[in-house]
Amino acid sequence: MDMDAFYASVEVRERPDLAGLPVVVGGTPGQRGVVAAASYEARRHGVHSAMPMSTALKRCPDLVVLPVRMGLYAEESQRIHRIIERYTPLIEPLSLDEAFLDVRASVKLFGPVPEIAQRIKREIRAELGLTASIGIAPVKFAAKIASDLGKPDGFLVVEPDGLRAFLDPLPVARLWGVGRVGEQTMHRLGLRTIADVAARDAAFMEQHFGKHGLHLLNLALGIDPRGVVPEREVKSVSNETTFAADIADRDTLRGILLQLTEQVAWRLRNHGLAGRTVQLKARYADFSTYTRAQTLDAPTDSTDVLWQAVAPLLDRLPRPGAALRLIGMGVSGFDAQESAQPDLFAEPPAPRKVDGIADAIKEKFGKGAVRRATTLKK
Ligand SMILES: [Mg+2]
């Protein structure tokens, strides 16, 4: 599931007078900074996220530029999360507005998967006034593509026996792990579509792409064994973004890094995690990739503390001033003992949730309506 033009859609909902106008969220005064999100009207002018605001304003002088209100989007994201949770606890968030859902175990309760997806879309629209795009597929990476291809207000179902037919005509860049250089290499080898890759054998792929080639071949064949990993089981939380065009301007890069930090910090707080290792990842135009890390005295989930730690790492990268094609930040080193929020970390929220639901049922239907099975006599 992926929300449509999320930050911009939230802002337009808050200000209906902006409906139908080209709206972006992001930037700072003086045309500095970057576009964090663009409405579909703005996209029609060639404006897209991670674009420098100055470029966006050149392409669309009538652009409505609104400041980022991360707190508002984070709240909205939590509301979306609560709607999804009605249907499955197996949620793997990728960012504030994107998540993988595993609903296989929910079918008996709620009906076929497409019906569940439609209900989620309907409830998000009715309760939050926002549109979500959903892609349904038997494997993760195909679901992500399907959510993207249907946008906006997308709803695309890829049946298991239609998976290969769905993937075959897509360009190779749609395969996870194929970046710009990988794409060029594939084109040189005559591989343009996923079908072209699927038609090759393991030896060919390994010869040209190493071990990674076997993985790509599997994806092209529709084989992707990775499951949906709920966030509470993860060892680190990170966000990264690849730019449409390489960026050298340090202020622009700092603006993007701050957005990523806000998202990561929100995800930490939302899941009661606090980490002590902060990492910066940077990929240059030539694809060389560097990481810089900083270990804090105490675990944190604070946006400010994380930002103070990660911002100076930008200056510790080699080749100052060189253009980057990707930037990312992450937090790891979660430590239950020393967590800043031991009560949240220790969990278990599940019993508390059960208690809340049980209380609600009792209130509505009377004290005897529900009780724990362990209290029943044999
Ligand atoms: Mg989105």
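## A loop with a cis peptide bond

Pro152 is found in the loop that runs between helix 7 (140–149) and strand 8 (155–157). The peptide bond leading from Lys151 to Pro152 is cis, and its omega is near -10°. These values, like those that follow, are computed from a predicted model.

## Overall make-up and confidence

The protein chain holds 16 helices and 12 strands. It has 378 residues, of which 34% count as buried. Among the contacts in the protein chain with a separation of 6 or more, 58% are between residues 24 or more positions apart.

The mean pLDDT of the protein chain is 87, and 86% of its residues reach 70 or more. Among the elements of the chain, strand 7 (residues 132–136) has the highest mean pLDDT, at 98, whereas helix 15 (residues 342–345) has the lowest, at 39. Over residues 337–352, pLDDT stays under 50; for this stretch the model has 16 contacts beyond four places in sequence. Over residues 374–378, pLDDT also stays under 50, and here the model has zero contacts beyond four places in sequence. Where pLDDT is low, the predicted coordinates should not be read in detail.

## The packing of helices 11 and 12

Helix 11 (residues 202–209) packs with helix 12 (residues 211–220) at an angle of about 135°, and their axes are 6 Å apart. Helix 11 is therefore oblique to helix 12. The crossing in which helix 11 passes helix 12 is right-handed.

On the side of helix 11, the residues that meet helix 12 are Ala202, Met205, Glu206, His208 and Phe209. Their counterparts in helix 12 are Lys211, His212, Gly213, Leu214, Leu216 and Leu217. By class, the contact of helix 11 with helix 12 comprises six nonpolar, three polar and two charged residues.

## Two positive phi values in loops

Ala50 is placed in the loop between helix 2 (40–43) and helix 3. Its phi is near 70°, a positive value in a residue other than glycine. Ala50 is buried, because 21 other C-beta atoms lie within 10 Å and the cut-off for a buried residue is 20 or more.

Arg319 belongs to the loop between helix 14 (303–315) and strand 12 (324–334). Arg319 is not a glycine, yet it has a positive phi of about 50°. With 12 other C-beta atoms within 10 Å, Arg319 is exposed, since a residue with 12 or fewer is placed in that class.

Leu273 lies in the loop between helix 13 (250–270) and strand 10 (275–284). It has 25 C-beta neighbours inside 10 Å and so counts as buried. When residues up to four places away in sequence are not counted, Leu273 touches Val237, Leu268, Asp301 and Phe334. Leu273 and Ser236 are 37 residues apart along the chain, and their C-alpha atoms are separated by 9.5 Å.

Thr55 is part of helix 3 (residues 53–59). It counts as partly exposed because it has 16 C-beta neighbours inside 10 Å. Thr55 and Val34 stand 21 residues apart along the chain, with 9.1 Å between their C-alpha atoms.

Key
Residues are numbered from 1 along each chain as its sequence is written. This is a predicted model: local features need pLDDT of at least 70, side-chain atom pairs count only at pLDDT 80 or more; totals for chains, interfaces and linings use all residues. Axes are lines fitted to C-alpha atoms, for helices over the stretch in contact, and angles run from 0 to 180 degrees between N-to-C directions. Helices (H or I, at least four residues) and strands (E, at least two) are DSSP runs, numbered from the N terminus. Angles under 35 degrees count as roughly parallel, over 145 as roughly antiparallel, 65 to 115 as roughly perpendicular and the rest as oblique. A crossing is left-handed if the near helix is turned anticlockwise from the far one by less than a right angle, and right-handed if clockwise. Two residues are in contact if their C-beta atoms, placed from the backbone, lie within 7 Å. Ala, Val, Leu, Ile, Met, Phe, Trp, Tyr, Cys and Pro count as nonpolar, Asp, Glu, Lys and Arg as charged, and the others, Gly among them, as polar. pLDDT is the predictor's confidence in each residue, from 0 to 100.
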